[in-house]
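Subject: Structure for you to look at

Hello,

Here is the structure I said I would pass on. Please open it first and keep it beside this email while you read.

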Amino acid sequence: MSSSIRRTPLRSRTATLAAALAVPVLALGACSTAAGGDDGTLSVLASIYPLQMVAEQVGGDRVDVGSLTPPGAEPHDVELSPAQVASVAAAQLVVYQSGFQAAVDAAVSEAGPAHVVDAAEVADLETTAQEGHSHELGEDDEHADEDGDDAHDHGGLDPHFWLDPTRMPAVADAVADALSEIDPDGADTYRANAAALGTRFGELDDAYAAGLATCERRTVVTTHEAFGYLAQRYDLEQVGIAGVDPETEPSPARLREVGDLVRAEGVTTIFFETLASPKVAQTLASDLGVETAVLDPIEGLTDDAQDYFSIAQANLEALRVALSCS
């Protein structure tokens, strides 16, 4: 297992949760994730940026949305402070994805917030090895760590559904329904906002379908297998140097397999991402004499000037260049 992966034993997490839930909510007045605004806005807490974005867009000015994953943090192995755990209990709505972040799952289970939207229940998750859209390079280790144990277990399901924009409207509708239950006076607003957001996702899907329709290559080599849903939707082939957890260290055998495929298929670009180290991708690309470029899994923001849609558009342009699309 990579030394950068931190796992908290269940008993330790439970003890932390119990202590955190004993903290009076009034003591968290400075924590934006704990309570709504003084103007009567609803307090909403999201686990990761894509869900935060949906909650903000659907709720509009009737909600105050916080996130359990800080900007610029890699979300897969996020740990929660006692104040964050207490904020889960205090929030009027929690929007999260079960099976993705163990600490968040534990906090939601223990805190029992009044209203929850679990994106995993509405986004139609699929297994990490989507047939026909993920290269099977060998049987050596399936990106396991040196102890033979995958560094992060998502229960066999790929959590990165938000990279297929057609899976997002169902989440927006679920958030609108939950907010309408809490705040019936805003129901029309929430449902109209969800519909408008769904239209934007549809337009993004159209742009991807048109932009990736005719390409010289269709194999996408990435550091992190985050793009399975995108590959499935737009008929691409994903090859990950690491698995669904970006911190998993690829074995030498895996690196050789990826290198052989790059040479055999004429791949010109190896993609790295913004929230994890690019060193493996850059070293492999240098050894193979190919380019590197950013393909962002949109798990979090590193630039306040960007958002889900601007990053998705930048990803599309990067793919079109790498795959020589016309």
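Keep in mind throughout that the model is predicted.

Is phenylalanine 272 buried or exposed? Its relative accessible area is 16%, and because the cut-off for buried is under 20%, phenylalanine 272 counts as buried. Leaving out residues up to four places away in sequence, phenylalanine 272 touches Thr223, Pro278, Ala281, Gln282, Thr292, Ala293, Val294 and Leu295. One of these, valine 294, is also the bridge partner of phenylalanine 272, and sits in β8. For a sense of distance, isoleucine 241 is 31 residues from phenylalanine 272 in sequence, and their C-alpha atoms are 9.9 Å apart.

The sheet around β7

β7 and β8 pair in the parallel sense, over four bridges. They belong to an open sheet of four strands, paired in parallel, in the order β6-β5-β7-β8. At the edges are β6 (237-240) and β8, each of which pairs on one side only. From one strand to the next, the twist averages 35°. Helix α9 packs on this sheet and touches β7 and β8. The direction of α9 makes about 170° with that of β7.

Helix α9

α9 covers residues 279-288, and Ala281, Leu284, Ala285 and Leu288 in it are buried. Looking down the axis of α9, you will find these buried residues within an arc of 100°, so they line one face of the helix. Lys279, Ser286 and Asp287 are on the other side of α9 and are exposed. What do the buried residues of α9 pack against? Their partners are α8 (252-265), β7 (269-272) and β8 (291-294). After α9 comes glycine 289, with a positive phi near 70°.

The largest nonpolar core

In soluble globular proteins, nonpolar side chains tend to be buried together. The largest nonpolar core here has 60 residues, and Val58, Phe161 and Tyr308 touch the most other members. Elements that each supply at least two residues of this core include β1 (42-46), α2 (49-59), β2 (63-67) and β3 (93-96). The helices α5 (168-182), α6 (187-211), α7 (228-233) and α10 (308-323) also each supply at least two. Which element gives the largest share? That is α10, with nine residues.

Leaving aside neighbours within four places in sequence, valine 58 is in contact with Ala172, Val175, Ala176, Leu179, Thr189, Tyr190, Asn193, Ala194 and Leu197.

β1 and β2 run parallel and are joined by five bridges. Within this pair, leucine 45 has glycine 66 in β2 as its bridge partner. β2 is mostly covered, with four of its five residues buried.

Two aspartates in loops

Most residues other than glycine have a negative phi. Aspartate 124 is not a glycine, yet its phi is positive, at about 60°. Aspartate 124 is in the loop between β4 (116-118) and α5. Its relative accessibility is 54%, so aspartate 124 counts as exposed.

Aspartate 235 also has a positive phi of about 60° and is not a glycine. Where is aspartate 235 placed? Its place is the loop between α7 and β6. Its relative accessibility is 48%, and therefore aspartate 235 counts as partly exposed; the cut-off for exposed is over 50%.

The chain as a whole

The chain has 10 helices and eight strands. Of its 326 residues, 52% are buried. Among contacts between residues at least 6 apart in sequence, 68% join residues at least 24 apart. The accessible surface of the chain is about 14,000 Å², and carbon and sulfur atoms account for 48% of that surface.

Regards

Key
Residues are numbered from 1 along each chain as its sequence is written. This is a predicted model: local features need pLDDT of at least 70, side-chain atom pairs count only at pLDDT 80 or more; totals for chains, interfaces and linings use all residues. Side-chain values use heavy atoms; hydrogens and water are left out. Buried means under 20% relative accessible area, exposed over 50%, partly exposed in between (1.4 Å probe, protein chains only). The arc is that of the directions from the helix axis to the C-beta atoms. Contact means heavy atoms within 4.5 Å. Accessible areas come from the Shrake-Rupley method with a 1.4 Å probe; for residues, only the protein chains shown count as cover. Two strands pair if DSSP finds at least two bridges between them. Axes are lines fitted to C-alpha atoms, for helices over the stretch in contact, and angles run from 0 to 180 degrees between N-to-C directions. A nonpolar core is a set of buried Ala, Val, Leu, Ile, Met, Phe, Trp, Tyr and Cys residues joined through side-chain atoms within 4.5 Å.
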